Amino acid sequence: MMDMERVYKTMRNTGAGNIAMGIVIASVGLTVGIISIVSGAVLLKRKSEIEF
């Protein structure tokens, strides 16, 4: 019976960790996406100023 409690606690902790990691990854991905869109819009806005 003790082994089943340990397994349950391990599964619970792993599940909680995965949920937390998923939230962090989703928020980082959203932030990077927004930054990419904004920087792309700035480049398009200033494309007439860019010379090679």
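Guide: One term to start with: the radius of gyration here is taken over C-alpha atoms, and the globule rule is 2.2 Å times the number of residues to the power 0.38. Also, this is a predicted model.
Visitor: OK, what radius of gyration does the protein chain have, and what would a compact globule have?
Guide: The protein chain has 22 Å. A compact globule of 52 residues would have a value near 10 Å.
Visitor: What does the C-alpha trace span along its principal axes?
Guide: About 75 × 15 × 5 Å.
Visitor: How many helices and strands are there?
Guide: One helix and zero strands. The helix, α1, covers residues 2–45.
Visitor: How much of the chain counts as buried?
Guide: 0% of the 52 residues. The cut-off for buried is under 20% relative accessible area.
Visitor: Take Gly15, then. Where is Gly15 found, and why does Gly15 count as partly exposed?
Guide: Gly15 is found in helix α1. Its relative accessibility is 28%, so Gly15 counts as partly exposed. Partly exposed runs between the buried limit of 20% and the exposed limit of 50%.
Visitor: And Ala26?
Guide: Ala26 is in helix α1 too. Ala26 is partly exposed because its relative accessible area is 49%.
Visitor: How far apart are Ala26 and Phe52?
Guide: Their C-alpha atoms are separated by 37 Å. Along the chain, Ala26 and Phe52 are 26 residues apart.
Visitor: Switching to the surface. Which residues make the nonpolar patch?
Guide: Leu30, Ile34, Val38 and Val42. The patch is about 350 Å².
Visitor: Tell me about Ile34 and Val42.
Guide: Ile34 has its place in helix α1. At 47% relative accessibility, Ile34 counts as partly exposed. Val42 also lies in helix α1. Val42 has 38% relative accessibility, so Val42 is partly exposed.
Visitor: How far is Val42 from Lys9?
Guide: The C-alpha atoms of Val42 and Lys9 are separated by 50 Å. The two residues are 33 residues apart along the chain.
Visitor: And from Gly15 to Val42?
Guide: That pair is 41 Å apart in space, C-alpha to C-alpha. In sequence, Gly15 and Val42 are 27 residues apart.
Visitor: What about the whole surface?
Guide: The accessible surface of the protein chain comes to about 5100 Å². Carbon and sulfur atoms account for 71% of that.
Visitor: Last one. How many positive and negative side chains are there?
Guide: There are 6 positive and 4 negative side chains. The centres of the two sets lie 4 Å apart.

How values were computed
Residues are numbered from 1 along each chain as its sequence is written. This is a predicted model: local features need pLDDT of at least 70, side-chain atom pairs count only at pLDDT 80 or more; totals for chains, interfaces and linings use all residues. Side-chain values use heavy atoms; hydrogens and water are left out. Helices (H or I, at least four residues) and strands (E, at least two) are DSSP runs, numbered from the N terminus. Buried means under 20% relative accessible area, exposed over 50%, partly exposed in between (1.4 Å probe, protein chains only). Accessible areas come from the Shrake-Rupley method with a 1.4 Å probe; for residues, only the protein chains shown count as cover. Lys and Arg count as positive and Asp and Glu as negative; His and the chain ends are not counted. The place of a charge is taken as NZ of Lys, CZ of Arg, CG of Asp or CD of Glu. Patches are made of residues with over 30% relative accessible area and no salt bridge: like charges are joined within 9 Å, nonpolar side chains (Val, Leu, Ile, Met, Phe, Trp, Tyr) within 5 Å. A salt bridge is a side-chain nitrogen of Lys or Arg within 4 Å of a carboxyl oxygen of Asp or Glu.
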